[in-house]
Amino acid sequence: MRQRKVKNLEQKYEVYNDILVYEPSEIRGKWKKLAGDRPIYLEVGCGKGKFISELSALHPENFYIAVEGNRSVMLRAMEKIETNGTGNVVFIPHFIENLNDWFTPGEVDGIYLNFSDPLPKNYTAKKRLTHRDKLKQYFTILGKGGQVIFKTDNTGLFEFTIQEILASDLEIAEITRDLHNCPWIENIETEYEAKFSGLGENIKRVVIRRRNGETKENAQMTQITSMAAYNGRNIPTEDKVFGASGRAKAYLAKHGHENTINATIGSLLDDDGNLIVLSSVEEIVHNLSGADFAEYAPIAGTPGFKKAVTKAALGNYEPNGFVKVVATPGGTGSIRNAIANYSCLGDSILTHNWHWGPYKSIAGEQGRSLETFEMFDEDGNFNLADFEYKVKKLTRTQDRLLIILNTPANNPTGYSLSMEDWYGVKNILDGIDLEKKIALLVDVAYIDFAGETNETREFFSVIDTLRSNVLPIIAYSASKTFTFYGFRCAAMLCLAHNPEVAEEFEKVCTFSSRASWSNSPRAPQIVIEKIYNDNDLMRRVDKERAKYREILQRRGKAFEEEAAALRLQMVPFRSGFFITIPYDNPALLCQALEKKGVFLIEQNQGVRVSVASISEDKCRKLPAIIKDTMDELAGVL
Ligand code: PLP
């Protein structure tokens, strides 16, 4: 609605001379003095001033600067301030061009942008107040810890803003796409908001801050300063696993296999450090025809593979839910597709603090971030209380939530959720508002090395009875199960409440595949199909895998027994490829161990041992070496 021009505006403005700043550039660098050393907040586009007058009355400890280019409108704002008599607001009657002309770097503590003009994207995006050039400007005048708080009812502008944040060197501190359903967020309505909310669109709000450049983690990140786009990602300077494994190989070449313990790689190796390949599977691979590998597979997988992989993933479990399957190149692809389809840009994905590192990269690459809950409480039990706290915290602001649980035989701890843990998870999810859409992705990458087939799948009966607002998704990888690490084969399966949700799952995930890697490799799909169509073959594969699973179990047990005898603490372990030792300074411990020819993987709060890649004998020796090294470091520190 057009604002009627106010008559005798100049005259009316004179009354407010004491709260008007016509030449803000003259106060550049002196605002703190004017503010009496109070924190300074700026509202860009204050309109008729409902927001700024209420906010300034609520916070007399702060100082506010309201900017508005439409002088007739701003007159109403000044009238409100006068009657409020708060004395902590001044007005700048201009449109903003370059805030650096008005403020020195760091002079402002926070900026509010409320219901800025959406301006059509194609022609005037650069003029939008949340365009990346403007965001950059805001953060030059904002001090350390300064934030921009932006709200709008315009979905297009909001999603544009999220992309601009990610394209800049900034991050999202808080986001909601339904502010009026978040009563715990202090919200002062603007005139526009009060009048137009409830007429259709939800009000959305995002709090933007600088990425914390000073954390230990960020110090090890690649600085993107040349040709590449930043796009909200943190790119490590070196892949931790491949870096450590490279150093281990160099050490081994010099000192020999018997003097090296290379427990870095998450593949099953024999006692001499050679990759174990299931010979039964290898035989089928060698007998494939040209067409078996040369032809494209359908994007969602060959029909035979979909059937076979459903049996492989579910075992004897008969689902209540509607199952649909989409092939992906490795479990990595399933995780990627789940994030792409069951979370929104800017959202946080929830997983446990002990987790496979790429979860964070896969989320970051797609403009999402990772939030974690403590996986264990002080007694070493699965920490349901923290899980509940984080689920509730995130669903307070997000309409949807993707949760990733990696079990059984979690990487890096080797922990498997018990049935009791699963009932606890169900209880918590049952308590979440039905309006919130939750996807529960269970990453079962190690399931076939975690124990007996049907025991490890018992938990399906729990996730299959979750309420209709929760979609269980299983990421089933063939990498370990069929020793197909490099063949890139996996599937994602849903256990949906109704056929529509299942159909939609298949459609959206297939679309995501098409838009990223297109078809998954055909050859491994044909191999799995052949195995499940031939009982003899299947028995052979199962038997061979069972043999290696036993070897793996013996290795884990050997490490566990020695660690217990030495009182070397382990993060709760059940089975699988990895064991983790908690330690406060994992980088230091890894460095010290590498001098002794022991190569492990540094985690946030500990070191990971791949028992899958070293002999039982080395598993038995390793706890003492770790313990001695810790004692030596304790003596030095
Ligand atoms: N999930 C976890 C926990 C993993 O450790 C891995 C691989 O190491 C994967 C998923 C994905 O593996 P891939 O993409 O080879 O199936």
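User: Hi! Is Tyr112 buried or exposed?

Analyst: Tyr112 counts as buried, at 13% relative accessibility. Buried means under 20% relative accessible area, exposed means over 50%, and partly exposed is in between (1.4 Å probe, protein chains only). This is a predicted model, where local features need pLDDT of at least 70 and side-chain atom pairs count only at pLDDT 80 or more, while totals for chains, interfaces and linings use all residues. Residues are numbered from 1 along each chain as its sequence is written, and side-chain values use heavy atoms, with hydrogens and water left out.

User: Thanks! How many aromatic pairs are there?

Analyst: The count comes to 21 aromatic pairs. Rings of Phe, Tyr and Trp (its six-membered ring) pair if their centres lie within 6.5 Å; planes under 30 degrees apart count as stacked, over 60 as edge-to-face and the rest as tilted. One of the pairs is Tyr41 with Tyr112: the centres are 6.2 Å apart and the planes are at 40 degrees, so this pair is tilted.

User: Where do Tyr41 and Tyr112 lie?

Analyst: Tyr41 is in strand 1 (residues 40–44) and Tyr112 is in strand 4 (residues 108–114), so the pair ties together parts that are 71 residues apart in sequence. Helices (H or I, at least four residues) and strands (E, at least two) are DSSP runs, numbered from the N terminus.

User: What about Phe373 and Phe387?

Analyst: Their ring centres are 5.1 Å apart with planes at 65 degrees, so Phe373 and Phe387 are edge-to-face. Phe373 belongs to strand 11 (residues 369–373) and Phe387 to helix 16 (residues 384–397), 14 residues apart. Both Phe373 and Phe387 are buried.

User: Which residues form one aromatic cluster with them?

Analyst: The cluster is made of Phe373, Phe376, Phe382, Phe387 and Tyr415. Phe382 sits in the loop between strand 11 and helix 16, and Phe382 is buried with a relative accessible area of 4%.

User: Switching to the ligand: which residues are closest?

Analyst: The closest are Gly331, Thr332, Asp443, Ser477 and Ser479, and 14 residues surround the ligand. A residue is near a molecule or strand if one of its heavy atoms lies within 4 Å of it.

User: Where are the cis peptide bonds?

Analyst: One joins Thr407 and Pro408, with omega about 0 degrees, and another joins Asn411 and Pro412, with omega about 20 degrees. Pro408 is in the loop between strand 12 (400–406) and helix 17 (419–430). Pro412 is also in the loop between strand 12 and helix 17. Most peptide bonds are trans.

User: Last one: what is phi of Thr483 near?

Analyst: Phi of Thr483 is near 45 degrees, a positive value in a residue other than glycine. Thr483 lies in the loop between helix 19 and strand 15 (490–496) and is buried, with a relative accessible area of 13%.
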